Amino acid sequence: MKYEKADQLKKNEEFEGAVTIVKPQTESPSAGTEAPPAEQTAAKSETPVKADKSATKSSGKSAGKTSAKTTGKSSEKAADKTAVKAPVKAPGVPAGKAPAKSSKASAKTEAVVTETATRQPEIEDSEGFNGRRPVNDPFRVGEEVVHDVHYFKVSAGELRMKVEPFAMVNNRKSYTFAVEIRTSPLFSSFYSVEDRVETFVDYEDLVPRVFQLHVKESGQLREAKMLFDVEKNTATFWEKKVTKDHGEEEKKQNWEILPYTQNVYSAIFYMRNFKWETGKEYSFRVGNDNENLVFSGKALRREVLNTKLGPIKAIVVQPKITLKGKLNPIGDNFIWLSDDDRKYILRIESKIKIGTLVSEVVEIKPGK
């Protein structure tokens with residue numbers, strides 16, 4: 001098997017026809033872009049976001065426009081999306097009422113307030129969020145968390161979780177989250193792994209639109225891509241690979257998803273938005289491999305984790321998966337998150353058939 005075939009596997013006309021990715025973000029986003037430039041976002045992310053600052057300036061007229069945009073959408077996604085904006089209390093006006101420019105505008109505003117009473121989707125915890133946005137954004141461009149992955153105390157490789165510069169995905173500002181895995185020289189001598197996945201998550205609603213997976217291993221080359229169409233509530237997955245045993249293979253999957261669904265890679269980052277209070281369980285939707293799942297995690301305890309960087313305060317989380325209404329245990333797996341506003345993933349522990357695979361932090365670059 002020749003590694004030169006990796007570039008051939010990346011070509012996917014159907015995917016490229018549906019998705020436009022521009023990275024890093026250009027200085028002046030093209031017309032129709034709803035998000036601010038990346039430089040402004042990076043600056044704002046250093047301080048907590050004030051709840052609905054821009055919305056308090058809106059009049060009954062703008063509220064009416066918001067209501068009009070949501071009229072006629074019958075899907076669950078449309079119901080969820082109307083809940084993105086939190087209720088607004090205008091200066092000098094009682095809570096739940098809009099400035100009285102006209103009775104028609106006032107009625108529309110009250111309708112919006114009623115619709116946005118609950119953050120969507122209801123499966124997710126709302127503490128620490130302003131609509132779909134976290135009050136304290138845990139992500140910074142340039143952030144990089146490096147883990148040493150070891151098995152029976154022998155280093156098997158490294159895991160890198162990165163926040164790269166913002167991209168424009170189909171003209172919408174998006175986070176660029178990347179995960180890279182590489183085997184150590186010792187393990188590479190009998191099986192080499194050099195994998196990378198990047199997932200693009202919409203800045204406004206925190207829903208992933210796209211991921212791209214690049215696998216370069218001793219036994220295979222593989223390119224996979226996924227598109228979440230949030231307008232149609234569908235997921236499309238493409239895969240091309242070449243292996244020594246089976247040669248070239250292709251696969252395509254398409255299935256319906258629920259609103260505000262994460263993919264398996266964005267989930268690693270998305271879980272960092274929650275508070276993770278001890279004894280409390282947190283859940284969100286995940287779409288993967290032609291299935292719709294629910295990821296849940298319970299914060300078991302707080303403790304001090306001794307790492308190569310020194311002692312770090314941490315929250316221990318035990319994850320689980322629910323598929324088709326039934327709980328599917330995923331073994332004795334645990335995740336340690338830093339007990340602060342950033343919620344870095346400090347340690348992942350997974351018991352397998354023989355022994356325990358451990359991935360633990362050895363370096364943190366906080367980003368800017």
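Colleague: In which strand does E223 lie?

Modeller: E223 lies in strand 9, residues 220–229. Helices (H or I, at least four residues) and strands (E, at least two) are DSSP runs, numbered from the N terminus. This is a predicted model, in which local features need pLDDT of at least 70 and side-chain atom pairs count only at pLDDT 80 or more, while totals for chains, interfaces and linings use all residues. Residues are numbered from 1 along each chain as its sequence is written, and side-chain values use heavy atoms, with hydrogens and water left out.

Colleague: Is E223 buried or exposed, and which side chain of opposite charge is nearest?

Modeller: Buried means under 20% relative accessible area, exposed over 50%, and partly exposed in between (1.4 Å probe, protein chains only). For charge, Lys and Arg count as positive and Asp and Glu as negative; His and the chain ends are not counted. A salt bridge is a side-chain nitrogen of Lys or Arg within 4 Å of a carboxyl oxygen of Asp or Glu. E223 is buried yet has no salt bridge, as the nearest side chain of opposite charge, K225, is 4.9 Å away.

Colleague: With which side chain does E223 make a polar contact?

Modeller: A polar contact is a pair of N or O atoms within 3.5 Å; within protein, one must be able to donate a hydrogen and the other to accept it, and residues adjacent in sequence count only if both atoms are side-chain atoms. The side chain of E223 makes such a contact with the side chain of H214, at 2.7 Å. Another glutamate to look at is E349 in strand 18 (residues 345–351). E349 has a relative accessible area of 16%, so it is buried. Its side chain makes a polar contact with that of R347 at 2.8 Å.

Colleague: How many salt bridges are there?

Modeller: Side chains of opposite charge can pair when their charged atoms come close. By the rule above, the count comes to 28 salt bridges. In one of them, the side chains of R272 and E143 meet at 2.8 Å, N to O. This pair links distant parts of the chain: R272 is in the loop between helix 8 (266–270) and strand 13 (281–288), and E143 in the loop between strand 3 and strand 4, 129 residues apart. R272 counts as buried at 4% relative accessibility, and E143 counts as buried at 1%.

Colleague: Which residue meets D202 in a salt bridge?

Modeller: The partner is R172, at 2.6 Å, N to O. D202 lies in strand 7 (residues 194–202) and R172 in strand 6, so the pair ties together parts that are 30 residues apart in sequence. D202 is buried, with a relative accessible area of 1%, whereas R172 is partly exposed at 23%. R196 forms a salt bridge with E198, the closest N and O atoms being 3.0 Å apart. Salt bridges that share partners join K23, K162, E164, E180, R196 and E198 into one network.

Colleague: How many aromatic pairs are there?

Modeller: A pair of aromatic rings is described by the distance of the centres and the angle of the planes. Rings of Phe, Tyr and Trp (its six-membered ring) pair if their centres lie within 6.5 Å; planes under 30 degrees apart count as stacked, over 60 as edge-to-face and the rest as tilted. The count comes to 21 aromatic pairs. The rings of F139 and Y175 have centres 5.5 Å apart and planes at 70 degrees, so this pair is edge-to-face. Both F139 and Y175 are buried. Y175 and F177 have ring centres 5.3 Å apart and planes at 15 degrees, so they are stacked.

Colleague: Which residues touch the most other members of the largest nonpolar core?

Modeller: In soluble globular proteins, nonpolar side chains tend to be buried together. A nonpolar core is a set of buried Ala, Val, Leu, Ile, Met, Phe, Trp, Tyr and Cys residues joined through side-chain atoms within 4.5 Å. The largest one here has 52 residues, of which Y175, W276, F284 and L346 touch the most other members. Its largest share, six residues, comes from strand 15 (residues 310–323). Apart from it lies another core of eight residues, including F200 and W238.
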